Amino acid sequence: FGRVVFVGSTAMYGMSDAVYYAAIKASYLGLARSLAEAGRDHGIKVNLIGPSAVSRLADTMDDSEFKRWFFETMKPELVTALVVWLAHQGTEASGESFAVAGGRVAPILIGEASGLIDPHLTPERIAMAMSAIEDHSGFEPFADYVSSAARLMELLGYSPSEALSTLSFQDPDLGKP
């Protein structure tokens with residue numbers, strides 16, 4: 001049994017003035033989801049939040065209408081409510097990511113749309129098909145690598161004889177699973 005709640009940031013969506021920060025916070029996505037998968041059989045639930053709330057960093061903002069609104073709206077206790085829920089022993093959520101701010105909680109979804117399938121893919125064909133590639137229809141959120149790989153196999157018409165979940169990978173640097 002256990003509960004882990006990582007505190008990331010919606011900066012993971014990209015932040016031109018703090019690239020290092022966005023990259024670090026984005027890495028929490030893979031970490032939280034991998035640990036959730038590893039802890040599944042042990043009753044360990046691992047989740048990630050991307051909060052926005054008043055903090056010492058927010059206090060450094062220049063005085064403005066936005067800063068006043070932010071301080072009135074983005075109360076830390078509105079983030080704490082989600083953390084308490086995710087840490088509770090009755091919570092079943094695991095491997096999930098949530099944006100939380102100002103009383104709003106929303107899932108952060110990771111997945112793929114249908115995209116383009118072209119067995120003769122070239123840069124020129126990609127250029128001609130970018131509107132289809134960037135089309136979000138058919139979006140499917142993925143809980144983990146296995147569900148992502150299963151969707152890819154389905155789209156490419158491959159039906160394996162053994163369950164994908166039986167595959168294990170080895171770290172090439174360590175030579176061990």
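The chain has a mean pLDDT of 89, with 92% of its residues at 70 or more; pLDDT is the predictor's confidence in each residue, on a scale from 0 to 100. So much for the overall score; here is how the model is read. This is a predicted model, where local features need pLDDT of at least 70 and side-chain atom pairs count only at pLDDT 80 or more, while totals for chains, interfaces and linings use all residues. Residues are numbered from 1 along each chain as its sequence is written, and side-chain values use heavy atoms, with hydrogens and water left out.

Confidence is highest in strand E1 (residues 2-7), at a mean of 97, and lowest in helix H5 (residues 145-155), at 81. Those labels are DSSP runs numbered from the N terminus: helices are H or I with at least four residues, strands are E with at least two.

**The sheet**

Four strands make an open sheet, ordered E1-E2-E3-E4, with mixed pairing. E1 and E4 sit at the edges with a single partner strand each, so one side of each has no neighbour in the sheet. On average, neighbouring strands here are turned by 25 degrees against each other, direction ignored; axes are lines fitted to C-alpha atoms (for helices, over the stretch in contact), and angles run from 0 to 180 degrees between N-to-C directions. Helix H3 (residues 76-87) packs on this sheet and touches E1, E2, E3 and E4, its direction making about 175 degrees with that of E2. Contact here means heavy atoms within 4.5 Å.

Two strands count as paired if DSSP finds at least two bridges between them. Two of the pairings look like this:

| Pair | Sense | Bridges |
|---|---|---|
| E2 (residues 44-52) and E3 | parallel | five |
| E3 (residues 97-101) and E4 (residues 104-107) | antiparallel | four |

Across from Ala 101 in E3 you'll find Ser 52, while Val 100 has Val 105 as its bridge partner in E4. The hairpin of E3 and E4 has two residues between the strands, and Gly 102 there takes a positive phi near 60 degrees.

**The cores**

A nonpolar core is a set of buried Ala, Val, Leu, Ile, Met, Phe, Trp, Tyr and Cys residues joined through side-chain atoms within 4.5 Å. Buried means under 20% relative accessible area, exposed over 50%, and partly exposed in between (1.4 Å probe, protein chains only).

The largest such core has nine residues: Phe 6, Met 12, Leu 29, Ala 32, Ala 36, Val 46, Leu 48, Ala 99 and Ile 108. Helix H1 (19-39) and E2 are the elements giving two or more residues to this core, and H1 supplies the largest share, three residues.

**Two serines**

Ser 9 is in the loop between E1 and H1 and counts as buried, at 9% relative accessibility. Its C-alpha is 8.0 Å from that of Ala 99, 90 residues apart along the chain. Beyond neighbours within four places in sequence, Ser 9 contacts Tyr 21, Lys 25, Ile 49, Gly 50 and Pro 51.

Ser 97, in strand E3, is buried too, with a relative accessible area of 2%. With the neighbours within four places set aside, Ser 97 touches Leu 29, Leu 48, Ala 106, Pro 107 and Ile 108.
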